[in-house]
Amino acid sequence: MANAAPAVVRHLARVGVTAPAGLRGRDPYELYERLCALDGRRRDPRLLDTFLSVVDQADGGAPRSRR
């Protein structure tokens with residue numbers, strides 16, 4: 001997660017992902033929903049885009065977004 005911004009790394013840690021290997025095979029939508037539930041509010045949807053990208057990269061694919 002060296003390429004992820006520090007804030008993104010903190011968000012991922014809050015949902016239990018503390019290393020790039022922890023992203024492999026994960027559902028970025030589920031990670032986003034868990035974070036929203038922890039915060040008790042909807043997060044900026046751009047964070048979901050970031051989760052989509054970092055999970056794809058961890059799985060060996062090209063970055064993508066939900067758009």
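Visitor: Which residues of helix 3 are buried?

Guide: In helix 3, the buried residues are Leu47, Leu48, Asp49, Phe51, Leu52, Ser53, Val54, Val55, Asp56 and Ala58. Keep in mind that this is a predicted model.

Visitor: What covers the buried residues of helix 3?

Guide: The cover includes helix 1 and helix 2.

Visitor: How do you know that the span of helix 3 is close to the one expected?

Guide: Set the two values side by side. From first C-alpha to last, helix 3 reaches 20 Å, and 20 Å is expected for its 14 residues at 1.5 Å a residue. After helix 3 comes Gly60, with a positive phi near 90°.

Visitor: What makes the pattern of the protein α-α-α?

Guide: The protein has three helices and zero strands. Read along the sequence, that gives α-α-α.

Visitor: Which residues touch the most other members of the largest nonpolar core?

Guide: They are Val8, Leu12, Leu23, Leu31, Tyr32, Leu47 and Phe51, out of 17 core residues. Helix 1 (6-14), helix 2 (28-39) and helix 3 (45-58) each supply at least two residues of this core. Helix 3 gives the most, with seven.

Visitor: What makes such a set a nonpolar core?

Guide: Members must be buried, must be of the listed kinds such as Val, Leu, Phe and Tyr, and must be joined through side-chain atoms within 4.5 Å. In soluble globular proteins, nonpolar side chains tend to be buried together.

Visitor: How many residues of the protein count as buried, as a percentage?

Guide: Of the 67 residues, 34% count as buried. The accessible surface comes to about 4000 Å², and carbon and sulfur atoms hold 52% of that.

Visitor: Why is Val15 called buried?

Guide: The cut-off is under 20% relative accessible area. Val15 has 2%, so it is buried. Its place is in the loop between helix 1 and helix 2.

Visitor: What is Val15 in contact with, leaving aside neighbours within four places in sequence?

Guide: Val15 is in contact with Arg26, Leu31, Arg34, Leu35 and Leu38. Take Leu31: it lies 16 residues from Val15 in sequence, yet the C-alpha atoms are 6.6 Å apart.

Visitor: Why is Arg43 called buried?

Guide: The relative accessible area of Arg43 is 17%. The limit is under 20%, so Arg43 counts as buried. Arg43 sits in the loop between helix 2 and helix 3.

Visitor: What does Arg43 touch, not counting residues up to four places away in sequence?

Guide: Arg43 touches His11, Tyr32, Leu35 and Cys36.

Visitor: What makes the pairing of the side chains of Arg43 and His11 a polar contact?

Guide: The distance is 3.4 Å. The cut-off for a pair of N or O atoms is within 3.5 Å, one able to donate a hydrogen and the other to accept it. The pair therefore qualifies. The side chain of Arg43 also makes a polar contact with that of Asp39, at 2.8 Å.

Visitor: How do you know that Asp39 and Arg14 meet in a salt bridge?

Guide: The N to O distance between their side chains is 2.7 Å. A salt bridge needs the nitrogen within 4 Å of the carboxyl oxygen, so the pair passes. Asp39 is in helix 2 and Arg14 in helix 1, 25 residues apart, and the bridge links distant parts of the chain.

Visitor: Which residues are linked with Arg14 in a network of salt bridges?

Guide: Asp39 and Arg43 are linked with Arg14 in that network. A search of the whole structure finds five salt bridges.

Visitor: What makes Arg34 and Glu30 a salt bridge?

Guide: Their closest N and O atoms are 3.6 Å apart. That is within 4 Å, so the pair counts. Both residues lie in helix 2, four residues apart, about one turn of the helix.

Visitor: Why is Arg46 called exposed?

Guide: Exposed means over 50%. Arg46 has 55% relative accessibility, so it counts as exposed. Its side chain meets that of Asp44 in a salt bridge, 2.5 Å from N to O. Asp44, at 35%, is partly exposed.

Key
Residues numbered from 1 in each chain as written. Predicted model: local features only at pLDDT ≥ 70, side-chain atom pairs only at ≥ 80, totals over all residues. Heavy atoms only, no water. Buried < 20%, exposed > 50% of the residue type's maximum accessible area, 1.4 Å probe, protein only. Areas by Shrake-Rupley, 256 points an atom, 1.4 Å probe, with all protein chains shown as cover. Expected span 1.5 Å × (residues − 1). Contact = heavy atoms within 4.5 Å.
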